[in-house]
Amino acid sequence: MTPSYQSRQKLRGQDYLVRVERIIGGCVVFLLAAMVLGNAGCSKLRNENSAGGGGHTSTSPDNSKTGPSSPPAPPSSNGAGTPTTWDANASSLNGADGQTFTLACSPGGTAHAVWGSDIYTADSSICTAGVHSGLTTYQQGGTVTIELRPGRTIYGCSERNGVTTSPFGSYQHSFVFKTPNTEAVVREAEDQTPVLWNTSASALSVETGKTYKIKCPSGGKESSVWGTDIYTLDSSICNAAVHAGKLASESGGSVTIELRPGESSYKGSTRNGIKSNDFGQYGSSFVVK
């Protein structure tokens, strides 16, 4: 008997439902399989990242100055240094005062900021300071050993080997280079602070009555001075010393300055080939002793 129209429609509907159920069932199976494989893959990635320290395998110092998670390895017995970058500073070593590190500066270096002379602030570029001290070169790099030191109330400045360093006041940590040839210059820098002819006393802590022993290089260069006998704190220390008759521009030399309170006015004059300027009220002063 030929099925009625209603029966054929019913059979077609049932067949359609069966097909839909098969399709849905297949999709569910596929999705479950994909989820299982996906979880397995994620687990593998997590395991690989955990084993590899999250992918941070570089030993380069952190340029944000927060320092690496652990200090570099101590110097090896064969004299080979830990590779370092030219912008790395001693603060990133996370070491203690008195600790030494041997570091290898790569060839083809570039200049970075340095504060101090023979005794450097801990945030100075180690490799550039090495060029300043004659221990490394930009072209060839070199290996240096540094010793971490406590901070100082003043850091000098000088020009050597194409590097001009900057002066600075109080800073909490320092470093020096450890070689037989640098011991004498470090001792001298501890005794008297080297400066350039354009260095003023502004970097010093403003503490009335405090004295500093300053060393001026030979070959003086003119720089601004305000006052006579009592000078504004932003006057050139070395030019003020020549003006006061304490040293000669050609030979340079060592002088002691004493910090004084500010004056209501400063009178300029010409002495010993140096012309100083008038000025009004200024907050702090110094005299050359």
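**Figure 1. Antiparallel pairing of S5 and S8 in the predicted model.** In this predicted model, strand S5 and strand S8 (residues 171-177) are joined by six bridges and pair in the antiparallel sense.

Figure 2. Six strands form an open sheet in the order S1-S2-S5-S8-S4-S3, and their pairing is mixed. Strands of a sheet pair through backbone hydrogen bonds, in either the parallel or the antiparallel sense.

Figure 3. Thr 136 is located in the loop between helix H2 (126-132) and strand S5 (142-152). The relative accessible area of Thr 136 is 6%; because the limit for a buried residue is under 20%, Thr 136 counts as buried. Two polar contacts of the Thr 136 side chain can be followed in this view. The side chain reaches the backbone oxygen of Cys 127 at 3.1 Å, and a polar atom of the side chain of Thr 136 lies 2.9 Å from the backbone nitrogen of Val 131. Leaving out residues up to four places away in sequence, Thr 136 touches Trp 86, Cys 105, Cys 127, Gly 130, Val 131, Gly 141, Gly 142 and Val 144.

Figure 4. Ser 166 belongs to the loop between strand S7 (163-164) and S8. Is Ser 166 buried, partly exposed or exposed? Its relative accessibility is 31%, so Ser 166 counts as partly exposed, the class between under 20% and over 50%. Apart from neighbours within four places in sequence, the residues in contact with Ser 166 are Val 114, Trp 115, Gly 116, Gly 156 and Cys 157. Val 195 is 29 residues from Ser 166 in sequence, and the C-alpha atoms of the two are 8.8 Å apart in space.

**Figure 5. Strand S16 and its two partners.** Strand S16 (residues 284-288) is mostly covered, with five of its five residues buried. Ser 284, Phe 286 and Val 288 point one way from S16, while Ser 285 and Val 287 point the other way. Strand S13 (residues 253-261) runs antiparallel to S16 and is joined to it by five bridges. Strand S12 (residues 230-232) also pairs with S16 in the antiparallel sense, over two bridges. Which residues stand opposite Phe 286 of S16? Tyr 231 is opposite Phe 286, and Leu 259 is opposite Phe 286 as well.

**Figure 6. The open sheet that contains S16.** This open sheet of six strands has mixed pairing and the order S9-S10-S13-S16-S12-S11. Strand S9 (193-194) and strand S11 (227-228) are the edge strands, each pairing on one side only. S11 pairs with S12 in the antiparallel sense over two bridges, and Gly 227 stands opposite Tyr 231 in S12.

Figure 7. The largest nonpolar core has 25 residues, of which Ile 214, Ile 257, Phe 286 and Val 288 touch the most other members. Strand S10 (211-216), helix H4 (237-243), S13 and S16 are the elements that give two or more residues to this core. H4 supplies the largest share, five residues. Not counting residues up to four places away in sequence, Ile 257 touches Ala 201, Leu 204, Lys 210, Thr 211, Tyr 212, Ile 214, Ile 237, Phe 286, Val 287 and Val 288. A second, separate core of 20 residues includes Ile 146, Tyr 155, Tyr 171 and Ala 189.

**Figure 8. The chain from which the close-up views are taken.** The chain contains four helices and 16 strands. Of its 289 residues, 33% are buried. Among contacts between residues at least 6 apart in sequence, 68% join residues at least 24 apart. The chain exposes about 16100 Å², and carbon and sulfur atoms supply 54% of this area.

Terms used:
Residues numbered from 1 in each chain as written. Predicted model: local features only at pLDDT ≥ 70, side-chain atom pairs only at ≥ 80, totals over all residues. Heavy atoms only, no water. Buried < 20%, exposed > 50% of the residue type's maximum accessible area, 1.4 Å probe, protein only. Pairing = 2+ DSSP bridges. Core = buried A, V, L, I, M, F, W, Y, C linked by side-chain atoms within 4.5 Å. Contact = heavy atoms within 4.5 Å. Polar contact = N/O pair within 3.5 Å; in protein donor to acceptor, adjacent residues only side chain to side chain. Areas by Shrake-Rupley, 256 points an atom, 1.4 Å probe, with all protein chains shown as cover.
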